[in-house]
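Keep the structure open beside the text as you read.

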Amino acid sequence: MSQSHPPALLLMGPTASGKTAAALALAETLPIEIISVDSALVFRDMDIGTAKPTAAEQAVCPHHLIDILSPEAAYSAARFRDDALALMAQISARGRVPVLAGGTMLYFKALREGLSDLPQADPALRAEIDAAARARGWPALHAELARLDPAAAAGLEPNDAQRIQRALEIVRLTGRPLAESYARRAMEVPPYRFVGIALDAGERQVLHERIAARFEAMLAAGFVDEVRTLRARYRLDPQLPSMRSVGYRQAWDYLDGGTDAATFRDRGIAATRQLAKRQITWQRKFLETWPDLTGFDCLRTDLHAAIRTHVLRALDAP
């Protein structure tokens, strides 16, 4: 990308890799504004289970795309791209540097590569798929997807309800494999000079321990009460995107009496680990194809200094 384009920093990584702290560390050196790249942080009153930046953290520098929607609403990669590009233009015009930080890898992909010409959501078909899932279970729907589109099913966990639903919807609506639909994309490269940072853990077990510790901290901070209050305050159901978020889905089941406290804890931690695994898989593909993305071990003791040095050099490069 031309040096004449304004810079934009991409800071991604799996859950519990320290993205918020790394972004705030950059604010000590650069005039930045942070754009959240997180499909759950957009929802109001979902604070504990999303590890939303605290009021003190958000006061360090301006934050965007946090608390913009009711948990009754839906948000999409297409809307994120539109919102992010508009915000990036405004931030650049203020003479500041946009930092897009988060772990929703589909949003990063949409920003960098544009969006496929996919069909809009079909409420009737989605209701039909959800009814089938309630009757037969998501693994059975995953098996159906495997018959229709083996490649798409191979990339999904049997209980990944949201993605199985969307994959089945697209395949049924278009009559073609998911990969073929996604291939019909017009590349739209945003007019920015990207500097990418990808966090990962050199020792995966340490990341798993961080995930478990953070989930325990969420429980101690009142996560279950948060979900209980959400259910009382809003008209929610377990199929809404907000309540499909990792942790919230398991908490909903617990509050409905589907599991005991110990099982809820174990399932919440396991689901978060699976999320991290998916995020890392996405990120590895980005590292292979995006030349301006550099990986950093989030466990290194000099992480923030190393990221700062890398960013400053990249911004000064001809």
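## A pairing to start from

Let's begin inside the sheet: Gly196 has Leu293 of E6 as its bridge partner. Strands here are DSSP runs (E, at least two residues; helices are H or I, at least four), numbered from the N terminus. The model is a predicted one, where local features need pLDDT of at least 70 and side-chain atom pairs count only at pLDDT 80 or more, while totals for chains, interfaces and linings use all residues. Residues are numbered from 1 along each chain as its sequence is written, and side-chain values use heavy atoms, leaving out hydrogens and water.

## The sheet

Six strands form an open sheet in the order E3-E2-E4-E1-E5-E6, with parallel pairing; two strands pair if DSSP finds at least two bridges between them. Its edge strands are E3 (63-64) and E6, each of which pairs on one side only.

E5 (residues 193-200) is joined to E6 (residues 293-297) by five bridges and to E1 (residues 7-12) by six.

## How covered is E5?

How many of the residues of E5 are buried? Eight of its eight residues are, where buried means under 20% relative accessible area, exposed over 50% and partly exposed in between (1.4 Å probe, protein chains only). Arg193, Val195, Ile197 and Leu199 point one way from the strand, and Phe194, Gly196, Ala198 and Asp200 point the other way.

## Helices across the sheet

Helix H1 (residues 19-26) lies across E1, E2 (32-37), E3, E4 and E5, at about 155 degrees to E1. Helix H4 (residues 105-113) lies across E1, E2, E4 and E5, also running at about 155 degrees to E1. These angles run from 0 to 180 degrees between N-to-C directions, with axes fitted to C-alpha atoms, for helices over the stretch in contact (heavy atoms within 4.5 Å).

## Two domains

The domain assignment, which is automatic or from a database, gives domain 1 (7-115 + 189-316) and domain 2 (123-183). Their contact takes five residues from domain 1 and eight from domain 2.

## Cysteines

The whole structure has zero disulfides, a disulfide being a pair of cysteine sulfur atoms within 2.5 Å. Cys61 is buried at 5% relative accessible area, and Cys298 is buried at 5% too.
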